[in-house]
Amino acid sequence: QDPRLHAIKTNIRVVPNFPKPGIMFQDITTLLLDPKAFKDTVDLFVERYKAKNISVVAGIEARGFIFGPPIALAIGAKFVPLRKPKKLPGKVISQEYTLEYGRDCLEMHVGAVEPGERALVVDDLIATGGTLCAAMDLLERVGAEVVECACVIELPELKGRDRLNGKPLYVLVEYLEM
Ligand code: PRP
Ligand code: MG
């Protein structure tokens, strides 16, 4: 295992009962306070993707906007934000997805990604996988190929990976509830 992963893991703060009772919130803001651990996080993704011919990094609002852009800059790809509804000013395509309670939606600007582009989807965390599925649907609907999804943290007990229709998922840290 890469020696950088230990400090990345220990700099993620777990906040019990946020935002609701029973949820162990994985707080990456503490990782961002440690410049070495934050840089190592970005570097691990950059090392994995720099020679993979990725033309677009799609980051998911909100926390995919923290990790996606530095990865995109370092690998020479464009960055496309996938946003919550009614935030993007241009023409959009929308994809709904299910949450633990209720539904949400992601939107992408039409024309931001062209058919045949090779895409990397970036977010901070995969829980049930619904968010990543919606992101991949948006990219595939415009004819892009999703090469992989990349997250800092996976909650494996929720089996989100099984929802990704076989698309590869790369994560740095697994959180196992004791
Ligand atoms: C969290 C997290 C992921 C998503 C994962 O975001 O940042 O984006 O949930 O959940 P899933 O795998 O079950 O779909 P959230 O929707 O809370 O919004 P935020 O990033 O804007 O805070
Ligand atoms: Mg999120």
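A residue counts as buried when its relative accessible area is under 20%, as exposed when over 50%, and as partly exposed in between, using a 1.4 Å probe and protein chains only. By that rule, 45% of the 178 residues of the chain are buried.

Before you start clicking: this is a predicted model, where local features need pLDDT of at least 70 and side-chain atom pairs count only at pLDDT 80 or more, while totals for chains, interfaces and linings use all residues. Residues are numbered from 1 along each chain as its sequence is written, chains are lettered from A and ligands numbered from 1 in the order written, and side-chain values use heavy atoms, leaving out hydrogens and water.

**Stop 1: the whole chain.** Show the cartoon and look for five helices and nine strands. Helices (H or I, at least four residues) and strands (E, at least two) are DSSP runs, numbered from the N terminus. The C-alpha atoms fill a box of roughly 40 × 40 × 30 Å along the principal axes.

**Stop 2: helix H3.** Select residues 35-49, which make up the 15 residues of H3. From first C-alpha to last, H3 reaches 21 Å, close to the 21 Å expected at 1.5 Å a residue; the expected span is 1.5 Å times one less than the number of residues. Next, colour the buried residues of H3, among them Ala37, Leu44, Phe45 and Tyr49. What do the buried residues of H3 pack against? Their neighbours include helix H1 (4-10), helix H4 (64-75) and strand S7 (118-126), where contact means heavy atoms within 4.5 Å.

**Stop 3: strand S3.** Select residues 56-60 and you have S3, with five of its five residues buried. Val56, Ala58 and Ile60 point one way, and Val57 and Gly59 point the other way. Two strands pair if DSSP finds at least two bridges between them. Five bridges join S3 to strand S4 (residues 78-82), and the two run parallel. The chain gets from S3 to S4 through H4, in a right-handed β-α-β crossover. Right-handed means that, with the strands pointing away from the viewer, the path from the first strand over the helix to the second runs clockwise.

**Stop 4: valine 57.** Which residue of S4 is the bridge partner of valine 57? Select phenylalanine 79 to see that partner. In S7, the bridge partner of valine 57 is leucine 120; S3 and S7 are also parallel, paired over four bridges.
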